[in-house]
Number of protein chains: 2
Amino acid sequence: MPVARSERLLTLLQTLRRYRRPVTGTVLAQETGVSLRTLYRDIASLQAQGAMIEGEAGIGYVLKPGFMLPPMMFSEEELEALVLGSRWVARAAEPRLAGAGADALAKIVAVLPADMRETVDSATLFVGRKRQDEDRADVSAIRKAIRLERVLELHYGDEQGRISRRRVWPFALGYFEHVRIIMAWCELRQDFRHFRTDRIIDMAVHEMRYPRRRTALLKEWRETQDVPLET
Amino acid sequence: MPVARSERLLTLLQTLRRYRRPVTGTVLAQETGVSLRTLYRDIASLQAQGAMIEGEAGIGYVLKPGFMLPPMMFSEEELEALVLGSRWVARAAEPRLAGAGADALAKIVAVLPADMRETVDSATLFVGRKRQDEDRADVSAIRKAIRLERVLELHYGDEQGRISRRRVWPFALGYFEHVRIIMAWCELRQDFRHFRTDRIIDMAVHEMRYPRRRTALLKEWRETQDVPLET
DNA sequence: AACGCTGCTGCCATAAACTGTCAGCAGGGA
DNA sequence: TCCCTGCTGACAGTTTATGGCAGCAGCGTT
């Protein structure tokens, strides 16, 4: 079985990602149970495969956030689903995530054999409409705030045109037909509130982390809903 | 470089997929430039990696339709896009494709390390609404008819409630908010027509292939549109 | 400037793996 | 029954990966 090497490379990637700060090659070599010389070769292999590993002399190695998918088998329909989904994201999401969707799609299509590319590519499957609303807010910053559980300060105009300023704890982001909605705990109201991203006049992500876990807020919020949204 | 072997395995997969009918190991061995014994070992390797290859004594090998993605690097945002896209497909598409989307999503999430799973999983990103309309028609059969360029016979009721029966050449399927729409050349009208899948009363996929290329129809249809739909 | 730490590359002998040949067994189809 | 084919084991030859050594270059600290 030729799994030994590729498996070790995946282990190396995971090890590398566990550390936030730069790791020296010596440490990585020990953790993967391999000599330093081999480790350098492994790093080179991973870089050749597209892993974004940066090595700097005197510092160590850093892996840019991301993930390497091991080889996987997809059925024809699963492939269609991935392609259609990416295409939807490329259309419906905010520019940055949309771009990421287009990139992911391009990566997948690039490795598809020609005949299968014809099957899923072109516009045999397409999604209907492009979103027309514009966000003043930086939605990717909101996603990041959710990931990092940061307090968000919103300058927000509601449906009646009333403008308010409040601090919220965002824990989820919903993609609806034409709008995106932040689910958050509102410090002002001491309750769950949702905010349309296109009604955000201005916002700021605080350095401070809010005092609860995002998943806990999500769970609690779900319990308050009459019709629970499935994941 | 350890690319020799894995590259050969991918070549083997592609070779295997080119044939529709069973291929003998001897042929595969010749095409990949390797001994028969090694070919058996390669097949075993691929099967161990999840490739759905079936070998039967006296017959040969058959690869179930699908594709193996080689190891690929995705950025965090690309991963989010894939996950969100799959989630949308799982909700918005017809049951069968939706299931494929869920499966693809599960496969990806399964290989994600725990911390990254938490980032994209749960319902941090979710899509808004579930489609409520029901198709009487088998949409996956429609997709297949498009792929194979088959004539489709429709029993169709239009918006005025008029019922018609016609033969069409389907070449694309559009996913809109609540409905799916077949783009096709209509033999009755000798022109392009579109059909909502939920208005299909009954349908039959003919064995006969329609006399034009799907991509050519698509291109021609695009030129007739005032506002060209991007791919 | 000097030193230590670290990434990185070349060389080479050793260890591990992959490969091909040969043999044999089992299942499918005529 | 016979042939074709998938499948497995054993073994030797070949290829590849590995580890140790040496040396060079970049970064940070003293």
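Student: Within how many Å do the axes of H4(A) and helix H5 of chain B come, and at what angle do they cross?

Tutor: In this predicted model, the axes of H4(A) and H5(B) (residues 95-111) come within 8 Å and cross at roughly 85°.

Student: What makes H4(A) roughly perpendicular to H5(B)?

Tutor: Angles of 65 to 115 degrees count as roughly perpendicular. The crossing angle is roughly 85°, and therefore H4(A) is called roughly perpendicular to H5(B).

Student: Which residues make that contact, and how do they divide by class?

Tutor: H4(A) contributes Glu77(A), Glu78(A), Glu80(A), Ala81(A), Leu82(A) and Gly85(A), while H5(B) contributes Arg96(B), Leu97(B), Ala100(B), Gly101(B), Asp103(B) and Ala104(B). By class, there are five nonpolar, two polar and five charged residues.

Student: Why is H4(A) also called roughly perpendicular to H4(B)?

Tutor: The axes of H4(A) and H4(B), each residues 76-92 of its chain, cross at roughly 105° and come within 7 Å. The class runs from 65 to 115 degrees, so H4(A) is roughly perpendicular to H4(B).

Student: Which residues meet there, and how many of them are charged?

Tutor: From H4(A), Ala81(A), Leu82(A), Leu84(A), Gly85(A), Ser86(A), Trp88(A) and Val89(A) meet Ala81(B), Leu82(B), Leu84(B), Gly85(B), Ser86(B), Trp88(B) and Val89(B) of H4(B). The contact has ten nonpolar, four polar and no charged residues.

Student: How many residues are in contact between the two chains, and which element of chain A gives the most?

Tutor: In chain A 67 residues are in contact with 67 residues of chain B. H4(A) gives the most to the chain A side, with twelve residues. That side of chain A divides into 39 nonpolar, 16 polar and twelve charged residues.

Student: How do you know that the length of H3(B) agrees with that of a helix at 1.5 Å a residue?

Tutor: H3(B) has 13 residues, 36-48, and should therefore span 18 Å. Its end C-alpha atoms are 18 Å apart, which agrees.

Student: Which residues of H3(B) are buried, and why are they placed on the same side?

Tutor: Leu39(B), Asp42(B) and Leu46(B) are buried in H3(B). They cover an arc of only 60° around the axis, so they lie on the same side of H3(B). An α-helix has 3.6 residues a turn, so residues three or four places apart point the same way.

Student: What is on the other side of H3(B), and what follows the helix?

Tutor: Arg37(B) and Ala48(B) are exposed on the other side. H3(B) is followed by Gly50(B), with a positive phi near 105°.

Terms used:
Residues are numbered from 1 along each chain as its sequence is written. Chains are lettered from A and ligands numbered from 1 in the order in which they are written. This is a predicted model: local features need pLDDT of at least 70, side-chain atom pairs count only at pLDDT 80 or more; totals for chains, interfaces and linings use all residues. Helices (H or I, at least four residues) and strands (E, at least two) are DSSP runs, numbered from the N terminus. The expected span of a helix is 1.5 Å times one less than its number of residues. A residue is buried if 20 or more other C-beta atoms lie within 10 Å of its own, exposed if 12 or fewer, and partly exposed in between; C-beta atoms are placed from the backbone. The arc is that of the directions from the helix axis to the C-beta atoms. Axes are lines fitted to C-alpha atoms, for helices over the stretch in contact, and angles run from 0 to 180 degrees between N-to-C directions. Angles under 35 degrees count as roughly parallel, over 145 as roughly antiparallel, 65 to 115 as roughly perpendicular and the rest as oblique. Two residues are in contact if their C-beta atoms, placed from the backbone, lie within 7 Å. Ala, Val, Leu, Ile, Met, Phe, Trp, Tyr, Cys and Pro count as nonpolar, Asp, Glu, Lys and Arg as charged, and the others, Gly among them, as polar.
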